[in-house]
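Please examine the sequence and the structure shown below.

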Amino acid sequence: MESLDELWMARAIELARKGWYTTHPNPRVGCVIVRDGEVVGEGWHVRAGEPHAEVHALRQAGDKARGATAYVTLEPCSHFGRTPPCADALIGAGLARVVAAMQDPNPQVAGSGMRRIAEAGIDVRSGVLENEARALNQGFLKRMETGLPFVRVKLAMSLDGRTAMASGESQWITGPAARRAVQRLRAQSSVVLSGADTVMTDDARLTVRPDELGLDADQTELASRRQPMRVLIDGRLRVPLTATFFQAGPALVVSTQDDPNYAVVGHELLNLAGLDGQVDLLALLSELGRRGVNEVLVEAGPRLAGAFARLGLVDEYSIFMAPKLLGSSARPLLELPLERMSESRELKIVDIRAVGDDWLVTARPV
(Lines give C-alpha, C1' and ligand atoms only; values in the text may rest on other atoms or scores of the structure.)
Protein backbone atom coordinates (compact mmCIF):
# COMPACT_ATOMS: atom_id res chain seq x y z
CA MET A 1 0.00 0.00 0.00
CA GLU A 2 2.78 2.44 0.93
CA SER A 3 4.57 2.01 -2.40
CA LEU A 4 1.30 2.59 -4.29
CA ASP A 5 0.61 5.68 -2.19
CA GLU A 6 4.01 7.08 -3.19
CA LEU A 7 3.40 6.23 -6.84
CA TRP A 8 0.11 8.12 -7.03
CA MET A 9 1.39 10.99 -4.88
CA ALA A 10 4.30 11.40 -7.30
CA ARG A 11 1.72 11.87 -10.05
CA ALA A 12 -0.13 14.45 -7.93
CA ILE A 13 3.14 16.34 -7.45
CA GLU A 14 3.73 16.23 -11.19
CA LEU A 15 0.30 17.79 -11.72
CA ALA A 16 0.94 20.46 -9.08
CA ARG A 17 4.02 21.60 -11.00
CA LYS A 18 1.74 22.64 -13.86
CA GLY A 19 0.78 25.62 -11.68
CA TRP A 20 4.41 26.64 -11.21
CA TYR A 21 3.93 30.05 -12.81
CA THR A 22 0.29 30.84 -12.06
CA THR A 23 -1.00 30.05 -8.56
CA HIS A 24 0.35 33.11 -6.68
CA PRO A 25 -0.53 33.85 -3.91
CA ASN A 26 -1.97 30.36 -3.46
CA PRO A 27 0.13 27.18 -3.13
CA ARG A 28 0.76 24.80 -6.03
CA VAL A 29 -1.45 21.76 -5.50
CA GLY A 30 -2.21 18.60 -7.49
CA CYS A 31 -4.78 15.85 -6.91
CA VAL A 32 -5.23 12.32 -8.27
CA ILE A 33 -8.29 10.13 -7.61
CA VAL A 34 -7.70 6.39 -7.92
CA ARG A 35 -10.28 3.59 -7.85
CA ASP A 36 -9.42 -0.11 -8.20
CA GLY A 37 -5.91 0.77 -9.34
CA GLU A 38 -7.12 3.11 -12.09
CA VAL A 39 -6.93 6.90 -12.25
CA VAL A 40 -10.47 8.22 -12.55
CA GLY A 41 -9.80 11.91 -11.98
CA GLU A 42 -6.92 14.39 -12.00
CA GLY A 43 -6.65 18.09 -11.32
CA TRP A 44 -4.32 20.91 -10.41
CA HIS A 45 -4.79 24.42 -9.10
CA VAL A 46 -4.33 26.98 -11.87
CA ARG A 47 -4.82 30.36 -10.21
CA ALA A 48 -6.29 32.07 -7.16
CA GLY A 49 -10.05 32.43 -7.25
CA GLU A 50 -10.52 29.40 -9.50
CA PRO A 51 -11.39 25.83 -8.39
CA HIS A 52 -8.79 23.97 -6.38
CA ALA A 53 -7.09 20.79 -7.54
CA GLU A 54 -9.51 18.54 -5.65
CA VAL A 55 -12.54 20.08 -7.36
CA HIS A 56 -11.06 19.61 -10.84
CA ALA A 57 -10.26 15.97 -10.04
CA LEU A 58 -13.72 15.29 -8.58
CA ARG A 59 -15.42 16.78 -11.62
CA GLN A 60 -13.42 14.51 -13.88
CA ALA A 61 -14.08 11.45 -11.71
CA GLY A 62 -17.84 11.99 -11.35
CA ASP A 63 -19.60 9.00 -9.77
CA LYS A 64 -16.38 6.99 -9.92
CA ALA A 65 -15.07 9.00 -6.96
CA ARG A 66 -17.34 7.01 -4.61
CA GLY A 67 -15.20 4.48 -2.76
CA ALA A 68 -11.98 5.80 -4.33
CA THR A 69 -8.77 7.22 -2.85
CA ALA A 70 -7.76 10.85 -3.35
CA TYR A 71 -4.07 11.80 -3.33
CA VAL A 72 -3.49 15.50 -2.62
CA THR A 73 -0.14 17.29 -2.35
CA LEU A 74 -1.45 19.62 0.40
CA GLU A 75 -4.05 19.06 3.09
CA PRO A 76 -7.51 19.92 1.70
CA CYS A 77 -8.76 23.29 2.91
CA SER A 78 -11.51 23.41 5.54
CA HIS A 79 -12.49 27.09 5.37
CA PHE A 80 -14.38 29.34 3.01
CA GLY A 81 -12.06 31.59 1.04
CA ARG A 82 -12.62 32.54 -2.56
CA THR A 83 -13.88 28.97 -3.02
CA PRO A 84 -15.78 26.52 -0.74
CA PRO A 85 -13.88 24.03 1.47
CA CYS A 86 -12.30 21.16 -0.46
CA ALA A 87 -12.61 18.91 2.59
CA ASP A 88 -16.40 19.12 2.30
CA ALA A 89 -16.25 18.37 -1.44
CA LEU A 90 -14.22 15.21 -0.80
CA ILE A 91 -16.59 14.08 1.94
CA GLY A 92 -19.61 14.71 -0.25
CA ALA A 93 -18.14 12.67 -3.09
CA GLY A 94 -18.13 9.53 -0.93
CA LEU A 95 -14.40 8.82 -1.00
CA ALA A 96 -13.12 5.89 1.00
CA ARG A 97 -9.66 7.31 1.67
CA VAL A 98 -7.73 10.59 1.45
CA VAL A 99 -3.92 10.74 1.39
CA ALA A 100 -2.15 14.10 1.81
CA ALA A 101 1.53 14.79 1.31
CA MET A 102 1.65 17.36 4.09
CA GLN A 103 -0.35 19.46 6.51
CA ASP A 104 -1.36 22.93 5.35
CA PRO A 105 0.64 25.54 7.35
CA ASN A 106 -2.17 28.07 6.88
CA PRO A 107 -3.54 28.71 10.41
CA GLN A 108 -7.04 28.62 8.93
CA VAL A 109 -6.47 24.95 8.02
CA ALA A 110 -3.47 23.47 9.93
CA GLY A 111 -4.84 19.96 10.44
CA SER A 112 -8.54 20.81 10.53
CA GLY A 113 -9.09 19.67 6.94
CA MET A 114 -7.85 16.12 7.52
CA ARG A 115 -9.56 16.03 10.91
CA ARG A 116 -12.90 16.92 9.36
CA ILE A 117 -12.42 14.22 6.71
CA ALA A 118 -11.52 11.61 9.36
CA GLU A 119 -14.54 12.56 11.48
CA ALA A 120 -16.71 11.82 8.44
CA GLY A 121 -15.53 8.20 8.59
CA ILE A 122 -12.99 8.43 5.76
CA ASP A 123 -9.58 6.78 6.19
CA VAL A 124 -6.79 9.38 6.12
CA ARG A 125 -3.01 9.36 5.84
CA SER A 126 -0.48 12.24 5.79
CA GLY A 127 3.23 12.63 5.16
CA VAL A 128 3.57 10.78 1.83
CA LEU A 129 6.44 12.37 -0.17
CA GLU A 130 6.30 15.32 2.20
CA ASN A 131 9.76 16.67 1.31
CA GLU A 132 8.91 16.72 -2.38
CA ALA A 133 5.61 18.45 -1.62
CA ARG A 134 7.29 21.08 0.55
CA ALA A 135 9.73 21.84 -2.27
CA LEU A 136 6.77 22.84 -4.44
CA ASN A 137 5.76 25.67 -2.13
CA GLN A 138 8.79 26.99 -0.26
CA GLY A 139 7.52 30.55 -0.48
CA PHE A 140 3.97 29.81 0.62
CA LEU A 141 5.23 27.71 3.53
CA LYS A 142 7.68 30.35 4.71
CA ARG A 143 5.08 33.11 4.48
CA MET A 144 2.56 31.09 6.47
CA GLU A 145 5.12 30.09 9.10
CA THR A 146 7.04 33.38 9.50
CA GLY A 147 5.10 36.13 7.71
CA LEU A 148 8.04 36.64 5.35
CA PRO A 149 8.43 35.58 1.70
CA PHE A 150 11.12 33.22 0.42
CA VAL A 151 14.03 35.34 -0.87
CA ARG A 152 16.08 34.09 -3.81
CA VAL A 153 19.07 36.17 -4.94
CA LYS A 154 20.04 35.72 -8.59
CA LEU A 155 23.65 36.47 -9.44
CA ALA A 156 25.65 36.13 -12.65
CA MET A 157 29.42 35.95 -12.43
CA SER A 158 32.57 35.01 -14.26
CA LEU A 159 34.79 32.13 -13.16
CA ASP A 160 36.84 34.63 -11.16
CA GLY A 161 33.76 35.77 -9.22
CA ARG A 162 33.16 39.09 -10.98
CA THR A 163 29.77 40.48 -11.97
CA ALA A 164 30.60 43.54 -14.08
CA MET A 165 33.49 45.56 -15.39
CA ALA A 166 34.71 48.48 -13.30
CA SER A 167 32.60 50.79 -15.51
CA GLY A 168 29.44 48.84 -14.60
CA GLU A 169 29.18 47.12 -17.99
CA SER A 170 27.69 43.66 -17.46
CA GLN A 171 25.75 42.64 -20.58
CA TRP A 172 26.17 39.84 -21.20
CA ILE A 173 28.23 37.73 -18.80
CA THR A 174 26.13 34.62 -19.39
CA GLY A 175 24.69 33.11 -22.55
CA PRO A 176 21.16 32.79 -23.99
CA ALA A 177 20.29 29.57 -22.13
CA ALA A 178 21.09 31.19 -18.77
CA ARG A 179 19.03 34.24 -19.68
CA ARG A 180 16.08 31.99 -20.49
CA ALA A 181 16.50 30.34 -17.09
CA VAL A 182 16.40 33.77 -15.44
CA GLN A 183 13.16 34.53 -17.26
CA ARG A 184 11.69 31.36 -15.78
CA LEU A 185 12.86 32.38 -12.30
CA ARG A 186 11.06 35.69 -12.80
CA ALA A 187 7.90 33.99 -14.01
CA GLN A 188 7.68 31.74 -10.94
CA SER A 189 8.25 34.63 -8.53
CA SER A 190 5.65 36.83 -6.89
CA VAL A 191 8.05 39.80 -6.91
CA VAL A 192 11.12 40.77 -8.90
CA LEU A 193 13.18 43.25 -6.90
CA SER A 194 16.11 45.42 -7.88
CA GLY A 195 17.94 48.61 -6.95
CA ALA A 196 18.45 51.99 -8.56
CA ASP A 197 22.01 51.26 -9.73
CA THR A 198 21.00 48.13 -11.66
CA VAL A 199 17.90 49.70 -13.20
CA MET A 200 19.81 52.74 -14.42
CA THR A 201 22.97 50.93 -15.58
CA ASP A 202 21.14 48.13 -17.42
CA ASP A 203 18.06 50.15 -18.47
CA ALA A 204 16.19 47.23 -16.91
CA ARG A 205 12.46 46.50 -17.16
CA LEU A 206 12.45 43.38 -14.91
CA THR A 207 9.48 41.94 -16.80
CA VAL A 208 8.80 38.40 -17.95
CA ARG A 209 9.28 38.13 -21.71
CA PRO A 210 7.26 35.10 -22.89
CA ASP A 211 9.25 34.57 -26.08
CA GLU A 212 12.43 34.14 -24.00
CA LEU A 213 11.11 31.59 -21.48
CA GLY A 214 12.13 28.53 -23.47
CA LEU A 215 8.97 26.64 -22.44
CA ASP A 216 6.53 24.63 -24.49
CA ALA A 217 3.47 26.41 -25.89
CA ASP A 218 1.11 25.44 -23.05
CA GLN A 219 3.50 26.48 -20.28
CA THR A 220 4.41 29.69 -22.11
CA GLU A 221 0.72 30.58 -22.35
CA LEU A 222 0.24 29.95 -18.63
CA ALA A 223 3.36 31.89 -17.62
CA SER A 224 2.25 34.80 -19.80
CA ARG A 225 -0.96 35.32 -17.83
CA ARG A 226 0.75 36.99 -14.88
CA GLN A 227 3.59 39.47 -14.56
CA PRO A 228 5.30 39.49 -11.14
CA MET A 229 5.12 42.65 -9.08
CA ARG A 230 8.17 44.80 -9.81
CA VAL A 231 9.79 46.40 -6.77
CA LEU A 232 12.47 49.06 -7.04
CA ILE A 233 14.55 50.05 -4.02
CA ASP A 234 15.52 53.65 -4.65
CA GLY A 235 16.36 55.33 -1.35
CA ARG A 236 17.07 58.76 -2.83
CA LEU A 237 14.62 58.53 -5.77
CA ARG A 238 17.40 58.69 -8.36
CA VAL A 239 15.64 56.75 -11.14
CA PRO A 240 13.69 59.27 -13.27
CA LEU A 241 10.02 58.56 -13.97
CA THR A 242 10.89 58.69 -17.66
CA ALA A 243 13.11 55.58 -17.31
CA THR A 244 12.27 52.43 -19.28
CA PHE A 245 11.54 50.66 -15.98
CA PHE A 246 8.53 52.88 -15.32
CA GLN A 247 7.20 52.61 -18.86
CA ALA A 248 6.86 48.81 -18.50
CA GLY A 249 3.87 48.99 -16.13
CA PRO A 250 2.98 49.78 -12.51
CA ALA A 251 5.75 49.37 -9.95
CA LEU A 252 6.27 49.61 -6.22
CA VAL A 253 9.09 52.01 -5.37
CA VAL A 254 10.57 51.74 -1.89
CA SER A 255 12.43 54.77 -0.61
CA THR A 256 13.39 56.86 2.38
CA GLN A 257 11.58 59.84 0.85
CA ASP A 258 8.12 60.88 -0.30
CA ASP A 259 7.00 62.24 -3.67
CA PRO A 260 3.33 62.46 -4.77
CA ASN A 261 4.31 62.36 -8.45
CA TYR A 262 4.70 58.58 -8.39
CA ALA A 263 1.03 58.00 -7.61
CA VAL A 264 0.01 60.47 -10.31
CA VAL A 265 1.64 58.34 -13.01
CA GLY A 266 0.38 55.01 -11.66
CA HIS A 267 3.16 53.80 -9.35
CA GLU A 268 3.15 53.22 -5.61
CA LEU A 269 5.77 54.88 -3.41
CA LEU A 270 6.43 53.29 -0.03
CA ASN A 271 8.55 55.11 2.55
CA LEU A 272 10.46 52.60 4.68
CA ALA A 273 13.35 54.59 6.08
CA GLY A 274 15.53 52.61 8.48
CA LEU A 275 17.54 53.91 11.42
CA ASP A 276 20.69 53.90 9.28
CA GLY A 277 19.18 56.16 6.62
CA GLN A 278 18.78 53.24 4.23
CA VAL A 279 15.62 51.39 3.23
CA ASP A 280 14.64 48.93 5.97
CA LEU A 281 14.82 45.63 4.06
CA LEU A 282 13.27 43.51 6.81
CA ALA A 283 10.33 45.91 7.04
CA LEU A 284 9.96 45.66 3.27
CA LEU A 285 9.85 41.85 3.35
CA SER A 286 7.30 41.99 6.18
CA GLU A 287 5.13 44.32 4.11
CA LEU A 288 5.41 42.07 1.07
CA GLY A 289 4.41 39.09 3.22
CA ARG A 290 1.31 40.98 4.38
CA ARG A 291 0.47 41.52 0.70
CA GLY A 292 0.53 37.77 0.02
CA VAL A 293 3.94 37.60 -1.64
CA ASN A 294 5.39 34.09 -1.56
CA GLU A 295 8.65 34.37 -3.50
CA VAL A 296 10.95 37.35 -4.05
CA LEU A 297 13.60 37.25 -6.75
CA VAL A 298 16.37 39.76 -6.09
CA GLU A 299 18.18 40.84 -9.25
CA ALA A 300 20.52 43.51 -7.99
CA GLY A 301 24.10 44.69 -7.94
CA PRO A 302 26.71 43.74 -5.33
CA ARG A 303 25.69 46.52 -2.91
CA LEU A 304 22.00 45.63 -2.56
CA ALA A 305 22.56 41.88 -2.88
CA GLY A 306 25.26 42.19 -0.23
CA ALA A 307 22.86 44.06 2.07
CA PHE A 308 20.37 41.18 1.90
CA ALA A 309 23.22 38.76 2.66
CA ARG A 310 24.60 40.78 5.58
CA LEU A 311 21.18 40.92 7.22
CA GLY A 312 20.64 37.18 6.85
CA LEU A 313 17.57 37.66 4.66
CA VAL A 314 18.57 35.31 1.82
CA ASP A 315 17.02 31.85 1.64
CA GLU A 316 18.65 30.76 -1.60
CA TYR A 317 21.26 31.91 -4.12
CA SER A 318 20.92 31.13 -7.82
CA ILE A 319 24.41 31.81 -9.14
CA PHE A 320 24.99 31.59 -12.90
CA MET A 321 28.68 31.11 -13.63
CA ALA A 322 30.09 31.87 -17.08
CA PRO A 323 33.34 30.36 -18.46
CA LYS A 324 35.19 33.65 -18.73
CA LEU A 325 37.49 35.88 -16.69
CA LEU A 326 36.74 39.56 -16.08
CA GLY A 327 39.92 40.46 -14.20
CA SER A 328 40.84 41.83 -10.82
CA SER A 329 39.52 45.37 -11.43
CA ALA A 330 35.98 44.12 -12.21
CA ARG A 331 33.22 44.32 -9.63
CA PRO A 332 32.82 41.58 -6.98
CA LEU A 333 29.86 39.25 -6.59
CA LEU A 334 28.71 40.84 -3.31
CA GLU A 335 29.70 43.78 -1.17
CA LEU A 336 30.23 41.71 1.94
CA PRO A 337 33.19 43.06 3.88
CA LEU A 338 34.67 40.26 5.97
CA GLU A 339 38.09 40.36 7.61
CA ARG A 340 38.58 36.95 9.24
CA MET A 341 37.96 33.40 8.11
CA SER A 342 35.72 32.95 11.14
CA GLU A 343 33.37 35.56 9.64
CA SER A 344 32.89 33.65 6.40
CA ARG A 345 29.33 32.76 5.43
CA GLU A 346 28.90 29.04 4.96
CA LEU A 347 26.62 27.82 2.17
CA LYS A 348 25.27 24.41 1.30
CA ILE A 349 25.23 23.67 -2.42
CA VAL A 350 21.96 21.91 -3.19
CA ASP A 351 22.29 21.69 -6.97
CA ILE A 352 24.78 22.25 -9.79
CA ARG A 353 23.77 21.92 -13.41
CA ALA A 354 24.89 23.01 -16.86
CA VAL A 355 22.77 25.71 -18.49
CA GLY A 356 23.98 26.01 -22.05
CA ASP A 357 27.66 26.95 -21.85
CA ASP A 358 27.25 28.23 -18.29
CA TRP A 359 26.68 26.60 -14.90
CA LEU A 360 23.93 27.24 -12.37
CA VAL A 361 24.89 26.76 -8.74
CA THR A 362 22.00 26.72 -6.27
CA ALA A 363 23.13 27.26 -2.69
CA ARG A 364 21.53 28.03 0.64
CA PRO A 365 22.92 29.60 3.82
CA VAL A 366 23.71 27.02 6.49
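The second largest pocket has a volume of about 660 Å³. A pocket is an open set of points on a 1 Å grid over the protein atoms alone, where a 1.4 Å probe fits, with protein on both sides within 12 Å along at least five of seven lines; its volume is the space filled by probe spheres set on the points. This is a predicted model, in which local features need pLDDT of at least 70 and side-chain atom pairs count only at pLDDT 80 or more, while totals for chains, interfaces and linings use all residues. Residues are numbered from 1 along each chain, and side-chain values use heavy atoms, without hydrogens and water.

**Pocket lining**
- The second largest pocket is lined by 25 residues (each with an atom within 4 Å of a point), and L185, Q188, R353, L360 and T362 are the closest to its centre.
- The lining of this pocket comprises 11 nonpolar, six polar and eight charged residues.

**Cysteines**
- The whole structure contains zero disulfides (pairs of cysteine sulfur atoms within 2.5 Å).
- C31 is in no disulfide, and the nearest cysteine sulfur, that of C86, is 8.5 Å away.
- C31 is buried (under 20% relative accessible area, with a 1.4 Å probe and protein chains only), at 0%.
- C86 is likewise in no disulfide, with the sulfur of C77 the nearest at 3.8 Å.
- C86 is buried at 1% relative accessibility.

**Residue N137**
- N137 is buried, with a relative accessible area of 6%.
- N137 touches P27 and R28 (heavy atoms within 4.5 Å), not counting residues up to four places away in sequence.

Technical notes. Buried means under 20% relative accessible area, exposed over 50%, partly exposed in between (1.4 Å probe, protein chains only). Ala, Val, Leu, Ile, Met, Phe, Trp, Tyr, Cys and Pro count as nonpolar, Asp, Glu, Lys and Arg as charged, and the others, Gly among them, as polar.
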